[in-house]
Amino acid sequence: MSKLWKSERYPIPWITNEDEEDFMAHIGDYCLRVEQMGTGHWWWRVYLGDQPIYTPFDEYSETKERAIALAEGVYFGHISLVRKAIILPSKINQDNDQQA
């Protein structure tokens, strides 16, 4: 049976199983996942739709709390970039503008 997991330290409410070894949060088109793979071994990932959001961070953690914090951090970082629609300038475009 599923239950709600919420902590004052983590802003996103998560759904988990009774053993608290499988966590999921859905926010709009995002899905955050955290799973216990073994004792002291947790996997996490954030998806936009069905596509994973790849990061330079290790997708494994020693604790549930750290895995949840990493997933939430990636979500908040990604959504803030999408909302601001940051477009980095391309050197190619700069070169083309100077030639025109």
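## Aromatic cluster

Let's start with the rings: W5, W14, F23 and W42 are linked into a cluster by ring pairs. Rings of Phe, Tyr and Trp (its six-membered ring) pair if their centres lie within 6.5 Å; planes under 30 degrees apart count as stacked, over 60 as edge-to-face and the rest as tilted. This is a predicted model, where local features need pLDDT of at least 70 and side-chain atom pairs count only at pLDDT 80 or more, while totals for chains, interfaces and linings use all residues. Residues are numbered from 1 along each chain as its sequence is written, and side-chain values use heavy atoms, with hydrogens and water left out.

Searching the whole structure turns up five aromatic pairs. One of them is W5 with F23, an edge-to-face pair at 5.5 Å centre to centre with 80° between the planes. W5 sits in strand β1 (residues 3-7) and F23 in strand β3, so this pair ties together parts that are 18 residues apart in sequence. Helices (H or I, at least four residues) and strands (E, at least two) are DSSP runs, numbered from the N terminus. W5 counts as buried at 12% relative accessibility, and F23 counts as buried at 0%. Buried means under 20% relative accessible area, exposed over 50%, and partly exposed in between (1.4 Å probe, protein chains only).

## The nonpolar core

The largest nonpolar core has 20 residues, and W14, L32, V34, W44 and V46 touch the most other members. β2 (10-16), β3 (22-27), β4 (30-38), β5 (41-48) and α1 (64-84) each put in at least two residues. The largest share, seven residues, comes from α1. Such a core is a set of buried Ala, Val, Leu, Ile, Met, Phe, Trp, Tyr and Cys residues joined through side-chain atoms within 4.5 Å.

Leaving out residues up to four places away in sequence, W44 touches R33, V34, T55, F57, D58, E59, Y60, A67, L70, A71 and V74. Contact here means heavy atoms within 4.5 Å. Over in helix α1 is F76, which is partly exposed, with a relative accessible area of 38%. With the sequence neighbours up to four places away left out, F76 touches P11 and I12.

## Strands and hairpins

β2 and β3 run antiparallel and are joined by two bridges; strands pair if DSSP finds at least two bridges between them. I15 has M24 in β3 as its bridge partner. The β2 and β3 hairpin has five residues between the strands, and E20 in the turn has a positive phi of about 50°.

β3 also pairs with β4, antiparallel again, over six bridges. Here M24 has R33 in β4 as its bridge partner. This hairpin has two residues between the strands, and G28 takes a positive phi near 55°.
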